Amino acid sequence: MYVTKILLQQVKNMKKLTELKRPFICAVITSPTINGVIDSIEVAEREGAEAFELNLSFLLGSNPKLSKNELKDIFSATKCPIFTTNRRVDVKGNVFQGSDEERMQIQLECLEVGSVGLDMELDTFTAPGTPLDSISDPIIEKQRKIIQKVHELGGEVMISHHEPERIFQPEEAVRIATHIEKILKADIAKLISFARSYDDFITCLQTTLSLRKYTRIPFVHQAHGQHGKLSRVICPILGSILFYCPPEVGKGTVIDQPSIRSVKAFLKELDHLIKIYPVEGEETFFMTWKKGQEGKVLVPLKLPGPGRI
């Protein structure tokens with residue numbers, strides 16, 4: 001009990017996901033072994049990861065009875081925040097052998113040994129794929145009780161909703177995110193859909209801007225698929241809070257996730273361009289337009305740099 005209290009205090013002292021500078025780099029950890037998970041965390045942190053998503057389904061697939069000491073070893077491997085997911089079925093086909101209640105309980109137990117939060121699907125406690133309008137009030141109340149427990153333990157809840165065959169429309173995404181914020185009282189909304197064309201990709205960008213404009217909850221939004229790959233680096237610039245990356249090049253389970261190194265290079269170059277090229281008539285933190293002998297010219301401002309946008 002004393003050790004648990006110490007760990008809970010450490011979690012409360014650790015930065016929450018919503019407190020990190022945005023957009024941040026989140027490494028997705030999918031190793032099936034404890035040592036593999038710890039190695040992946042150490043490699044990703046050296047590369048520049050700022051947070052971690054631990055996919056428990058990969059670990060539980062090879063070791064269904066993880067002890068608290070084993071989990072504690074994972075969460076103590078870094079000072080960066082780690083949150084968990086525990087899918088019914090993961091991308092490699094591992095099927096959780098138990099109920100949704102049991103899936104959530106495992107994630108709640110992780111909060112006692114160092115996790116800063118958990119990902120819970122919007123259709124938790126009901127049939128997979130159930131649309132928002134079909135989720136009953138008793139199910140919503142069960143979800144809220146989980147969220148309340150997480151908050152009591154000092155953690156945060158990301159409510160996720162995936163559409164594997166189509167793209168989200170802006171109004172639809174805003175309605176779901178508003179439900180997650182105002183009805184469920186969760187902390188982060190995660191909306192992932194599938195782009196079948198570049199028109200869908202443009203819709204994804206429009207949806208990201210709508211979420212930024214019309215909701216207050218921090219959100220993760222992007223599109224999967226060949227036509228949606230660019231959304232993984234553009235949506236975080238437009239308002240999504242994070243970049244999902246593999247722990248190292250070639251070690252991810254989703255082939256279109258950008259590497260940590262490429263995201264860092266992208267952010268560095270983007271900051272450079274923002275500092276140098278403000279839109280005429282406006283100013284950045286570093287440059288502004290002023291009248292010169294030969295018309296309007298860019299001049300530097302003596303202000304701190306913008307860092308990330």
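Guide: The model is a predicted one.

Visitor: What makes the phi of phenylalanine 125 worth a remark?

Guide: Most residues other than glycine have a negative phi. Phenylalanine 125 is not a glycine, yet its phi is positive, at about 75°.

Visitor: Is phenylalanine 125 buried or exposed, and how do you know?

Guide: The relative accessibility of phenylalanine 125 is 12%. Buried means under 20%, so phenylalanine 125 counts as buried.

Visitor: What is the phi of lysine 185, and where does this residue lie?

Guide: Lysine 185 has a phi near 65°, which is a positive value in a residue other than glycine. It is part of the loop between helix 7 (170-183) and strand 6 (188-194).

Visitor: Why is lysine 185 called partly exposed?

Guide: Its relative accessible area is 46%. Under 20% would be buried and over 50% exposed. A value of 46% falls in between, so lysine 185 is partly exposed.

Visitor: What kind of peptide bond joins arginine 22 and proline 23?

Guide: It is a cis bond, with omega about -10°. Most peptide bonds are trans. Proline 23 belongs to the loop between helix 1 (2-13) and strand 1 (24-29).

Visitor: Why is helix 5 called roughly parallel to helix 6?

Guide: The axes of helix 5 (residues 100-111) and helix 6 (residues 137-152) cross at roughly 15° and come within 10 Å. Angles under 35 degrees count as roughly parallel, so helix 5 is roughly parallel to helix 6. The crossing is right-handed.

Visitor: Which residues meet there?

Guide: Helix 5 brings Glu101, Met104, Leu108 and Leu111, and helix 6 brings Lys142, Ile146, Lys149 and Val150. By class, five of the contact residues are nonpolar, three are charged and none is polar.

Visitor: Why is strand 5 described as largely enclosed?

Guide: Strand 5 (residues 156-162) has seven residues and six of them are buried, so the rest of the structure largely encloses it.

Visitor: How do you know that strand 4 and strand 5 pair?

Guide: Two strands pair if there are at least two bridges between them. Strand 4 (residues 117-121) and strand 5 have five, in the parallel sense. In one of them, leucine 118 has valine 157 of strand 5 as its partner.

Visitor: And what makes strand 1 and strand 8 a pair?

Guide: Four bridges join strand 1 and strand 8, again in the parallel sense, and at least two are needed. Alanine 27 has cysteine 245 of strand 8 as its bridge partner. In strand 8 (residues 242-245), Leu242 and Tyr244 point one way, Phe243 and Cys245 point the other way, and all are buried.

Conventions:
Residues numbered from 1 in each chain as written. Predicted model: local features only at pLDDT ≥ 70, side-chain atom pairs only at ≥ 80, totals over all residues. Heavy atoms only, no water. Axes fitted to C-alpha atoms, helices over the stretch in contact; angles between N-to-C directions. Helix = DSSP H or I, 4+ residues; strand = E, 2+ residues; numbered from the N terminus. Parallel < 35°, antiparallel > 145°, perpendicular 65-115°, else oblique. Left-handed = near helix turned anticlockwise from the far one by under 90°. Contact = heavy atoms within 4.5 Å. Nonpolar A, V, L, I, M, F, W, Y, C, P; charged D, E, K, R; others polar. Buried < 20%, exposed > 50% of the residue type's maximum accessible area, 1.4 Å probe, protein only.
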